[in-house]
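This report covers selected local features of one protein model. Please consult the sequence and coordinates below while reading.

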Amino acid sequence: MEKTFFLKQKWQRPLMMLVVFCLVVSCNNTKSNAVVIANNDTIPVYNFDQLEPLLYTEHNKTYIVNFWAMWCAPCVKELPYIKAYADKHPEVEVLLVSMDFPKDIETKLKPFLKQKNITNKVVILDDPDANTWINKIDPNWSGAIPYTIIFNNTKRAFFERSFESETDLETEINNTINN
């Protein structure tokens, strides 16, 4: 009996430490695990470190990442072109990175998206160190929006301008990906 008690005690502490370690590791994930829902019921707020992995891919799939804000008239004007292109090309992944304030998600951003019938994925970038992250995205970017990145695993193009039509957007995508 003494030997059984000793064995139980000998394994009890390492087992408890393993359980605590697993709990700490699973709860200590610094990246946001928010699921971006296409109908924008959930709009996660990211800092640049959380957003940066979404700006690259190992796949041949085409991605469009558009930096915009509700207060930016050229941004708002081009959103329907991005939406129309995405609707016709479901194989293309679109991410709209809002530069709006996180405090406005419920009162302004969600109603705006609903009114404009924007169902593309939306996240908010809330990172005050713009001088650092803008240069990480593209050293030639002045920081003006709208700003769009079109890419796949081998090709990448940056556009510091608004698209004037769906055809304009489609031309730039074709020039980037298919040439």
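This is a predicted model: local features need pLDDT of at least 70, side-chain atom pairs count only at pLDDT 80 or more; totals for chains, interfaces and linings use all residues.

## Nonpolar core

The largest nonpolar core has 47 residues. Within this core, Phe67, Trp68 and Ile137 touch the most other members.

Trp68 can be followed through its contacts beyond four places in sequence.

## Second largest pocket

The second largest pocket holds about 150 Å³ of space. Eleven residues line this pocket, and those nearest its centre are Ala86, Val94, Thr119, Asn120 and Lys121. Helix H3 (73-88) contributes at least two residues to the lining, and so does strand E3 (93-98).

Sorted by class, the lining comprises five nonpolar residues, three polar residues and three charged residues.

## Thr176

Thr176 is part of helix H6, which spans residues 166-177. Is Thr176 buried or exposed? Its relative accessibility is 10%. Because buried means under 20%, Thr176 counts as buried.

The side chain of Thr176 comes to 2.8 Å from the backbone oxygen of Glu172. When neighbours within four places in sequence are set aside, Thr176 is in contact with Ile150, Lys155, Arg156, Ala157 and Phe159.

How values were computed: Residues are numbered from 1 along each chain as its sequence is written. Side-chain values use heavy atoms; hydrogens and water are left out. Helices (H or I, at least four residues) and strands (E, at least two) are DSSP runs, numbered from the N terminus. Buried means under 20% relative accessible area, exposed over 50%, partly exposed in between (1.4 Å probe, protein chains only). A polar contact is a pair of N or O atoms within 3.5 Å; within protein, one must be able to donate a hydrogen and the other to accept it, and residues adjacent in sequence count only if both atoms are side-chain atoms. Contact means heavy atoms within 4.5 Å. On a 1 Å grid over the protein atoms alone, a cavity is a set of points where a 1.4 Å probe fits but cannot get out, and a pocket is an open set with protein on both sides within 12 Å along at least five of seven lines; lining residues have an atom within 4 Å of a point. Grid points are joined across faces, edges and corners, and a volume is the space filled by probe spheres set on the points. Ala, Val, Leu, Ile, Met, Phe, Trp, Tyr, Cys and Pro count as nonpolar, Asp, Glu, Lys and Arg as charged, and the others, Gly among them, as polar. A nonpolar core is a set of buried Ala, Val, Leu, Ile, Met, Phe, Trp, Tyr and Cys residues joined through side-chain atoms within 4.5 Å.
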